[in-house]
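Visitor: Could you guide me through this structure, one question at a time?

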Amino acid sequence: MWPTLIKIGPVPLHTYGLMIAIGFLAAVYFIRRDASKAGINPEILTDAAFWVLLLGLTGTRLLYIAMYPDQFSWRNPMEWFAIWKGGLVFHGALPPAIACVLYMIHKHKLKTWVVADVVSPYIPLGHALGRLGCFLNGCCYGTRTDLPWAIPFPRIPADPSQTPVGSPAFLDHYYGEGLPRDALWSYPVHPTQLYSVLALLTISFLLLLAKNRWKPFTGFTFPLYLMSYGAYRFFVEFVRGDHNPRHLGGRFTDQQLMCVIMVVAGIVLWVVLSRREKRLSPKSAHSISPLT
C-alpha cells in the first residue's frame, strides 16, 4: 500500500489519481492509433476522451455518494470532491461516458459501431491501471482468506500508540473484526484489486484478438465488453470485503445487480447488431434466376 507517491511542499501526489491519469493516457494513445487506421480523425476522439474522463469521474463519484450517503455531510462539502482518497463506483461512469461519445459521433457524423470497435478494447486497459491505483490506495479490498496469495494491509500510522487513521482494510478489521489494538497489519484478505487488474488486462487482450482475427460483425466488441466485464465483476463481488450495499436478503450487492444489467444489455445488443449486419450485407451474387 502506497497511497502518497511524493509530496511537493504541502501538496501530496496521490498514487490513486496518478494511476487513473496513466490509465486514461494509455487508453487515449491506443485509441488515437487505431482511429487513424480506421479512417477516423484521432483529434475528434481525443476531444471526446477529455469530456468522457470529466463526466465519467463525476458519474462514478455521484453513484458512490448515492450508495454511501452516511459518509458525506453538508458540514464538510469538500469531502464530496476528494476523489484522490478513493470512493468511485465504476458503473456510474458508463451512462455519461456513452452519452458523451454518442453526442460526438452525431456531431461529427461518424459511424457509431466503427467508433465502438476502436474504443471498446481500451476501456478495460485504462480501468486495469486504475485498479492498480486502488491496490496502492488500499481500497476495494477483499474478504479475509488463508490462501497463499492473501495480502494484509498496514496500519497507518505504524505507531501502535497512535489511533490509526488510514488503510481501509486495517480500519475495518481494527474496529469491526477484533484485530488486536497493537496490531500493525490487517488480517490477510483477497487482493481483489489485483484480480481485477489481471481480469481487465485479459479482457482487453481478448477483445483486441477477436477484433483482429474474428470480427463477426461491426461493433461486436462493445457488447462483448459488457458481457465479459459484467460476468467477471459479478463473481468477484462475492469476495469483496469493503461492505458494498446488499439486496435480496443480503445475497447480492448493488454492483452485482448492475452487472446483471450489463450482461443482459450486452446479449441484447449482440443479437441486434448481428441481425443488423445480416440485413445490411449484400445478397449473394450467385443466386439462381428462375428464368434459365
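Visitor: Which helices each supply at least two residues of the lining of the second largest pocket?

Guide: This is a predicted model, in which local features need pLDDT of at least 70, side-chain atom pairs count only at pLDDT 80 or more, and totals for chains, interfaces and linings use all residues. Residues are numbered from 1 along each chain as its sequence is written, and side-chain values use heavy atoms, leaving out hydrogens and water. A pocket is an open set of points on a 1 Å grid over the protein atoms alone, where a 1.4 Å probe fits, with protein on both sides within 12 Å along at least five of seven lines, and lining residues have an atom within 4 Å of a point. With helices taken as DSSP runs (H or I, at least four residues) numbered from the N terminus, those supplying at least two lining residues each are α1 (15-37), α4 (112-119) and α7 (192-213).

Visitor: How many charged residues are in the lining of the second largest pocket?

Guide: The lining has 13 residues, and those closest to the pocket's centre include Asp34 and Lys211. Asp, Glu, Lys and Arg count as charged, Ala, Val, Leu, Ile, Met, Phe, Trp, Tyr, Cys and Pro as nonpolar, and the others, Gly among them, as polar. By these classes the lining has 5 nonpolar and 2 polar residues, while the charged ones number 6.

Visitor: Are α8 and α9 roughly parallel or roughly antiparallel to each other?

Guide: Helix α8 (residues 221-236) and helix α9 (residues 254-280) pack with their axes 8 Å apart, at an angle of about 155°, where axes are lines fitted to C-alpha atoms over the stretch in contact and angles run from 0 to 180 degrees between N-to-C directions. Angles under 35 degrees count as roughly parallel, over 145 as roughly antiparallel, 65 to 115 as roughly perpendicular and the rest as oblique. The two helices, α8 and α9, are therefore roughly antiparallel.
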